[in-house]
Amino acid sequence: MVRENHVRADELIYPLFATEGKTEPVAQMPGIMRFSSADLPGEVAKAAALGIKAVLLFGVPAHKDELGTGAYSDDGIVPRAIRAIKAAYPRMVVIADVCLCEYTSHGHCGAVGEDGRILNDATLPLLAKAAVAYAKAGADIVAPSDMMDGRVAAIRAALDAEGFEDIAIMSYSAKFASAYYGPFREAAGSAPKHGDRRTYQMDPANGREAVREVLADVAEGADFVIAKPAIAYLDVMKEIASATRLPVVAYNVSGEYSMVKAAAANGWIDEKRVVMENLVGMKRAGAKMIITYHALDAARWLREDGE
Ligand code: PBG
Ligand code: ZN
C-alpha cells in the first residue's frame, strides 16, 4: 500500500529486430533474436499474451547504400514488418524507430558530406520520408533516434502533410554518445565505419544540455521524450521528468541488458531481482514507460508474482 512505484507490463515496450534474412540469435544479447517478417508475429503473440501493449521495431536490411534508401522505401524491411505485425495483431501498438544508421554503408545516422562531416539539414527530409513510409505501413508511433537537430519538426510537418496527423512522435530527445549501445550495433549491423557519433549524440558529462534537448523536441511537437541510456543517467531522467509534462520513456539499452545477462549466466547475480530493481529505479526517476529487452521476462515475473 505504501509502495510508491510499480513496474507494469502495460508500460513496457519490447524492442524487436526485423531482418531481411533468416531468424537468428544475437550473440551479444542472450535471449534476443533477429526475426524474419514471417516469424515476427509469433514473437509479438508472446508479448501480447503477457500483457505487453507496444513493440519498438528496428530494421536489419540485406543491402546498405550511401543515403540509406532502405530506411524510407515503401517495401523496405520495416514497412514489411509493420504490415506483418498489424495484419496478425492490429491492437499491438507498433512504434517504428526512425534512423539511417542501419541502412547507410558508412553506418552514420545521417548523410555524410565529402569532408566526412554529418549533414544535419540534408538528413531531415530523408528521416521525414522514413516516418511517412512507416505511417503508411501502419505504424502508430514513429521514434526518431538519429539526434539531428530539427528532425521532430520536419517529421511532424511531413506526417501532417500526408494526412497522418494522428501518428505520434516518440523522440529520442536525450540520447548520449554511449558505449552501452555496443551490443545493439552488432545486432543491427549499424556501427559507424569511420569516426563516431559524438557530433550528434550528447556528451555523457552534460545533464543540463539534456533538458535543453528535451525542451527543443517538445517545442517541435514531440508527444513522448526518451532518455537513453537509463541506468547511468537516472539523474537526467529525473530532471527531464520535472522539466516537461509529456510522458518520459526510459530506454534500458542493449549494453545494460547484456551486462545483466552475462553476470546472471555466471551465477554472480540474481537476474530477476536485479532486473526488477533496475526497472523500478527508472520508474522512481520519473519514467512512465520503459523500453527494455527484458520485457518478456519482466512481464512473466510480474504475472507469476500476481502483480
Ligand atoms: C540507432 C539506434 C541505436 C539505439 C537505438 N537506435 C544505436 C546507436 O545510436 O548507435 C541503441 C539501442 C540499444 O543499445 O539498445 N540510431
Ligand atoms: Zn542511428
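Trainee: Which residue in S4 does threonine 19 stand opposite?

Mentor: In this predicted model, threonine 19 stands opposite valine 60 in S4. The pairing belongs to strand S1, residues 12–19, which runs parallel to S4 and is joined to S4 over seven bridges.

Trainee: Is S4 mostly covered or mostly open?

Mentor: Strand S4, residues 54–60, is mostly covered, with seven of its seven residues buried.

Trainee: What does leucine 57 touch, leaving out its close sequence neighbours?

Mentor: Leaving out residues up to four places away in sequence, leucine 57 touches Leu16, Ala18, Leu40, Val78, Ala81, Ile82, Ile85, Val94, Ile95, Ala96 and Asp97.

Trainee: Which residues have the most contacts inside the largest nonpolar core?

Mentor: That core has 82 residues, and those with the most contacts inside it are Leu57, Ile82, Tyr134, Val142 and Leu159. Helix H3 gives the most to this core, with 11 residues. There is also a second, separate core of 28 residues, which includes Val60, Phe224, Ile291 and Tyr293. As a general point, nonpolar side chains in soluble globular proteins tend to be buried together.

Trainee: Okay, H3 then. Which of its residues are buried?

Mentor: The buried residues in H3 are Thr123, Leu124, Leu126, Leu127, Ala128, Ala130, Ala131, Val132, Ala133, Tyr134, Ala135 and Ala137. They pack against helices H2 (77–88) and H4 (151–161), and against strands S5 (93–98), S6 (111–112), S7 (118–119) and S8 (141–144).

Trainee: What span should H3 have, and what do its ends give?

Mentor: Helix H3 has 18 residues, 120–137, and at 1.5 Å a residue it should span 26 Å, which agrees with the 26 Å between its end C-alpha atoms. After H3 comes glycine 138, whose phi is positive, near 120°.

Trainee: Moving on to S8: which way do its residues point?

Mentor: Ile141 and Ala143 point one way from S8, whereas Val142 and Pro144 point the other way, and all are buried. S8 pairs with S5 in the parallel sense over four bridges, and there valine 98 stands opposite proline 144. S8 is also joined to strand S9, residues 168–175, by two bridges, again running parallel, and in S9 the partner of valine 142 is isoleucine 169. The chain goes from S8 through H4 to S9, in a β-α-β crossover that is right-handed.

Trainee: What is the phi of methionine 147?

Mentor: Methionine 147 has a positive phi of about 70° although it is not a glycine. The residue sits in the loop between S8 and H4, and methionine 147 is buried, with a relative accessible area of 4%. For context, most residues other than glycine have a negative phi, and most peptide bonds are trans.

Trainee: Speaking of peptide bonds, is the one from lysine 228 to proline 229 cis or trans?

Mentor: The peptide bond from lysine 228 to proline 229 is cis, with omega near -10°. Proline 229 lies in the loop between strand S10 (224–228) and helix H7 (234–243).

Trainee: Is tryptophan 268 buried or exposed?

Mentor: Tryptophan 268 is exposed, with a relative accessible area of 65%, and its place is the loop between helix H8 (254–265) and helix H9 (271–284). The C-alpha atoms of tryptophan 268 and aspartate 97 are separated by 34 Å, and the two residues are 171 residues apart along the chain.

Trainee: Last one, the overall picture: how many helices and strands does the protein have?

Mentor: The protein has 10 helices and 12 strands. Its radius of gyration is 18 Å, close to the 19 Å that the globule rule gives for 307 residues, so the protein is as compact as a globular protein of that length. The C-alpha atoms fill a box of roughly 55 × 45 × 40 Å along the principal axes, and buried residues make up 56% of the 307 residues. Among contacts between residues at least 6 apart in sequence, 77% join residues at least 24 apart.

Technical notes
Residues are numbered from 1 along each chain as its sequence is written. Chains are lettered from A and ligands numbered from 1 in the order in which they are written. This is a predicted model: local features need pLDDT of at least 70, side-chain atom pairs count only at pLDDT 80 or more; totals for chains, interfaces and linings use all residues. Side-chain values use heavy atoms; hydrogens and water are left out. The expected span of a helix is 1.5 Å times one less than its number of residues. Buried means under 20% relative accessible area, exposed over 50%, partly exposed in between (1.4 Å probe, protein chains only). Contact means heavy atoms within 4.5 Å. A nonpolar core is a set of buried Ala, Val, Leu, Ile, Met, Phe, Trp, Tyr and Cys residues joined through side-chain atoms within 4.5 Å. Two strands pair if DSSP finds at least two bridges between them. The radius of gyration is taken over C-alpha atoms; the globule rule is 2.2 Å times the number of residues to the power 0.38. A crossover is right-handed if, with the strands pointing away from the viewer, the path from the first strand over the helix to the second runs clockwise.
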